[in-house]
Amino acid sequence: MKIFSESHKTVFVVDHCPYMAESCRQHVEFDMLVKNRTQGIIPLAPISKSLWTCSVESSMEYCRIMYDIFPFKKLVNFIVSDSGAHVLNSWTQEDQNLQELMAALAAVGPPNPRADPECCSILHGLVAAVETLCKITEYQHEARTLLMENAERVGNRGRIICITNAKSDSHVRMLEDCVQETIHEHNKLAANSDHLMQIQKCELVLIHTYPVGEDSLVSDRSKKELSPVLTSEVHSVRAGRHLATKLNILVQQHFDLASTTITNIPMKEEQHANTSANYDVELLHHKDAHVDFLKSGDSHLGGGSREGPFKETITLKWCTPRTNNIELHYCTGAYRISPVDVNSRPSSCLTNFLLNGRSVLLEQPRKSGSKVISHMLSSHGGEIFLHVLSSSRSILEDPPSISEGCGGRVTDYRITDFGEFMRENRLTPFLDPRYKIDGSLEVPLERAKDQLEKHTRYWPMIISQTTIFNMQAVVPLASVIVKESLTEEDVLNCQKTIYNLVDMERKNDPLPISTVGTRGKGPKRDEQYRIMWNELETLVRAHINNSEKHQRVLECLMACRSKPPEEEERKKRGRKREDKEDKSEKAVKDYEQEKSWQDSERLKGILERGKEDLAEAEIIKDSPDSPEPPNKKPLVEMDETPQVEKSKGPVSLLSLWSNRINTANSRKHQEFAGRLNSVNNRAELYQHLKEENGMETTENGKASRQ
C-alpha cells in the first residue's frame, strides 16, 4: 500500500544562469500619474521583469497556494542552479513557509549577466533534486516506524519542476536522460542505506520559458513514460503573466484543486464612500467541495476563469452574511481556500471580513425557483474554510421507502415483480467453463450482463404503465420470451397463451386496466384489448432477433390480431349495445329523479289546498243563505290532479312519506257513496229534509224557499 503520492514531495529547480537575466519584454507601467502630470515633467519609462524574476514569482505563487490549502504533509524543496546547486531549504516542517524561501532567494540574488555561461548548467540542480528526493521526510520516517516489519510498504514518490531556458528539443531530451540515469544511480545507493529511500515514481515537469515576442525553440509534449520510474512532460511558455497562469493551472492539476468564483460581493468604493459596487473573487480549494455538483451533473459553470479559457470555475452567489456563528448548519465537508489574486482589493476585503468572525452563505445561481444554499465561508483558528452544506436529504435520516415514490409522485412501483426479477438474475460462482458456438471461451460476467440486458429490454417499473404484466394469463409467454433460444414446447406455450387471450377477447372478459388519473369508467372494452395487444407486440418485438422461433411467436401474434370482417362487425354491434345500455341506465336514473321531484311537488300542493279548505269551513254560517262549503276532492283522484307550480324550497322527508301512506290507504277502503254520486264533484247534503220542507234545488246547488 503506497500511502505517499507524488504530491508529497515537490522539488523546484530554477535556472540561475546568465541568460535568465534577460528581459521578458512584457512592459509594466511604472508611472501611474499619467493623467494628472503637470507640463514639463518627462514621464518615467516602462519597466520589464527578467526571466529570473518571472520564474521566482510564479514558483512562489505555486508554493503559496499549496501552503494555504495543505499546510501539512505537502513539502517543497527549492534549488537554484548555476555553477553549482544551491539547496535553499530542507524537508523539515520548520522550513516549509514562504518567509524562509523568500529570505533564501533574496540572499541568492539575481543572476549575473556577465558571468561565464559555460560554467553554468541546469544539470547541477537536476542531480541535486534527485538526491533530495531520496532523502526521508519526517512523515515518511514516522510511517516507517509505525509499520516496523512492513516498512517497505511506505512509498517514496516525488515531482521535479524545472524552470529553464532550453536551447532545443534535443537539449530537453538530454536533460531527461540525465535525470533518468541519476535516478538509477541513486536508487542503487539508497538500497544499501537506512537513511535514504529508493525513488519508486518521479514526475519530471520541464518548463521552457522565453521572452515575449520570440519564437519558441522547444515544442510542447504531454506526459510520457520514459521508464517504469520516470515520466516527463514539457511545457513551452512565454514569460510574464503567461508563466504565472501556467503554474497556476499546474498547481491545480498536481494537488486536485478546483476553482469557485464568489459573485455579487457588495463592497464600498474608495472614492465614493456612500456607494457600493459588486465584485467577484476567485478561490481555489480541494475539488471534493464540488463533488455534489459532479454527481448531480449541475455544475453551474460560469465559463473560463480569470486565468484563461483552459480552466473552468464554478460560480456561487453571495448571500447576506450572518452576524454570528451560533447557528449550526449541517455540513458535509470543510476545505481550506486560497485566493487566486491574493493582492487584489476585493480578495483582501473578503479575507479580512471572514477573519473578523463573520460567515457568508453561498447559493447556487438559478433563473427560477427557490434559492439553494450549498456552501458557506467561515474562519476557524485564523484559517478560512469553504464548508459544503447539505442541500438534499440528510444521510442521518432514514432512507425513503420505495412505496413513497421518487419525490412522492409515483407510488405504484412493481415492488414484488422487481424482487422476483432480482432473484432470477443473481450472480453465482461459475465453476465449469463454457464455450460459445464459435469455440471461444465464454466469460461468465459478459454472459450475466447479456442476460440482464435481455430481461430489461421491456420491463415497465410502474403498475399503471403496464397491462400484460398484471395478467396471470400472460405469464407463460413473458417468462420464456426473454430466453436466448426457445424450444418447440416454449413456442407451443406462447401460442396457447395468445389463443387464450383471443378467447378472453371473444368472451369480452375484463382486463386489469389502471384507471388512475382518468375520469369515468375508463376506456371501452375493445380499447382495453387494443392496449393489451399493442403492449404484448412491443414485448415480443423486443426479442425478435434472438432466434427464428421468436419470429414464429410474433407471426402467431400478428395473425391473431388481424380479425376477420365478421369479427369486426360483431365488435361494432357490441359497442352499440354497450352505448344503448349506458343511455338506458342514464334515462332510468333521470326519470326516477324527476318522478320523486314531481311527487314531492304534488304533495305540497295538496297540503296547501287543504289549508285553504279549512280556512273556508271556519266562516260558514248556519243561515241557509250562506254558501255551502266546497266539496273535497276524492283521494282516489290524487294522481289525476294537475301539477302545481314547483316550489322553490326543498320538500321534507316527512312530507314524502305522508304522501306515500295516504295514497296507499285511499286504495284500501270503499269510497263514500256521496262522492260517487256527486255532480261536478259536488254532492247535496240532507236531501230528505229538503223534500219534507218543499225545498227545491237549483242547478248551481243552492237551496231556495217556495
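Predicted model: local features only at pLDDT ≥ 70, side-chain atom pairs only at ≥ 80, totals over all residues.
Strand β16 covers residues 360–364, and because 5 of its 5 residues are buried, the strand is largely enclosed by the rest of the structure. Val360, Leu362 and Gln364 point one way from β16, while Leu361 and Glu363 point the other way, and all of these residues are buried. The partner of β16 is strand β17 (residues 372–380), with which it pairs in the antiparallel sense over 5 bridges; within this pairing, leucine 361 stands opposite methionine 376 of β17.

Threonine 231 belongs to strand β9, which runs over residues 230–238. With a relative accessible area of 9%, threonine 231 falls under the 20% cut-off and is therefore buried. Leaving aside residues up to four places away in sequence, threonine 231 touches Lys201, Cys202, Glu203 and Leu204, and also Lys223, Lys224, Glu225 and Leu226.

Helix α12 contains 20 residues, 488–507, and at 1.5 Å a residue it should span 28 Å; its end C-alpha atoms are 29 Å apart, which agrees with that expectation. The buried residues of α12 include Val491, Ile498, Leu501 and Val502, and among them are also Asp490 and Glu505. Just after α12, asparagine 508 takes a positive phi of about 65 degrees.

The elements discussed above have these residue ranges.

| Element | Residues |
|---|---|
| Strand β9 | residues 230–238 |
| Strand β16 | residues 360–364 |
| Strand β17 | residues 372–380 |
| Helix α12 | residues 488–507 |

Technical notes
Residues numbered from 1 in each chain as written. Heavy atoms only, no water. Buried < 20%, exposed > 50% of the residue type's maximum accessible area, 1.4 Å probe, protein only. Helix = DSSP H or I, 4+ residues; strand = E, 2+ residues; numbered from the N terminus. Pairing = 2+ DSSP bridges. Contact = heavy atoms within 4.5 Å. Expected span 1.5 Å × (residues − 1).
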